[in-house]
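Have a look at the picture first, then read on.

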Amino acid sequence: MGLDHLLKDVQTVAVICNQWGDTGKGKFSDYFASQWADVTARGTGGNNAGHTVVVNGKEKIFHLIPTGILNDSNGQFTVLGNGMVIDLLVLSHELDELDSEGITYNNLLISKDASVIMPYHINRDRAKDQSQKKGGIGSTGRGIGPCYTDKVARRGIVIEELFDRDKLSRKINKIKEVYPEQNIDSDEIIDSLNPLAEKIKPFVRDTVSEMHRFMRGGKKILLEGAQGLLLSIEHGTYPYVTSSDCSLNG
């Protein structure tokens, strides 16, 4: 059965894992992205997940950007959705790697509402992980959990707020009380984030509206899953889960 026959009249395909991840989603995502999709979108998680694929005999590891970015020169869109938490430094490094390989990302779309992993998130995550007793829930130490905690508590920083220094400063100064163990300097943090924010600014969009536009336009959409169902905060083996809903729903 050929791919065209298998996916006849299908507009959206989701590649997810019904276990704990690491089951080869990257291979399927790369296949559907290169052979079928017009749009590849990711909706959850941060740089604690990702896919490894082999391109022209060379291994490439993507932690944030969907593997569909390899088809950017063919006009395929790649979306980082609003449910993600994004470390700007990691994203910048991934873009630099694409530049070094001569891979374009002109059609990259980054949600204005995605949460930003801040330095104080990483600091707390690493400190917590180091203090975990044997048998506790481990962490990648990349700030994922604390960032989602701030999101749920309605005090998180989102991508579009990176471009309003006054608002960003007010929010960081207010959040200091939540991180009393850290000497948070809002100006220092903003100055370090500014060049990274400017780098991604041309790609920031209302990706929810963009996805609706793609649907209306009949685009073939690949939803690239991260991690696995049993790690979902909603449907997984709680409390031994991640901080986002990495199921089909998420």
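In strand β7 (residues 108–111), L108 and I110 point one way while L109 and S111 point the other way, and all of them are buried (under 20% relative accessible area; exposed is over 50% and partly exposed lies in between, with a 1.4 Å probe and protein chains only). In a regular strand the side chains alternate between the two faces of the sheet. This is a predicted model, where local features need pLDDT of at least 70, side-chain atom pairs count only at pLDDT 80 or more, and totals for chains, interfaces and linings use all residues. Residues are numbered from 1 along each chain as its sequence is written, and side-chain values use heavy atoms, leaving out hydrogens and water.

**Neighbours of β7**
- Strands here are DSSP runs of E with at least two residues, numbered from the N terminus, and two strands pair if DSSP finds at least two bridges between them.
- Strand β5 (residues 77–80) runs parallel to β7, joined by three bridges, and V79 has L109 as its bridge partner.
- Strand β9 (residues 204–205) pairs with β7 in the parallel sense over two bridges; the partner of I110 is V204.

**The whole sheet**
- Six strands make an open, parallel sheet in the order β1-β10-β2-β5-β7-β9.
- Its edge strands are β1 (12–15) and β9, each pairing on one side only.

**Aromatic rings**
- The whole structure has four aromatic pairs (Phe, Tyr or Trp rings, using Trp's six-membered ring, with centres within 6.5 Å; planes under 30 degrees apart are stacked, over 60 edge-to-face, the rest tilted).
- The rings of Y31 and F32 have centres 5.7 Å apart and planes at 70°, so this pair is edge-to-face.
- Y31 is partly exposed at 41% relative accessible area, whereas F32 is buried at 12%.

Terms used:
Helices (H or I, at least four residues) and strands (E, at least two) are DSSP runs, numbered from the N terminus.
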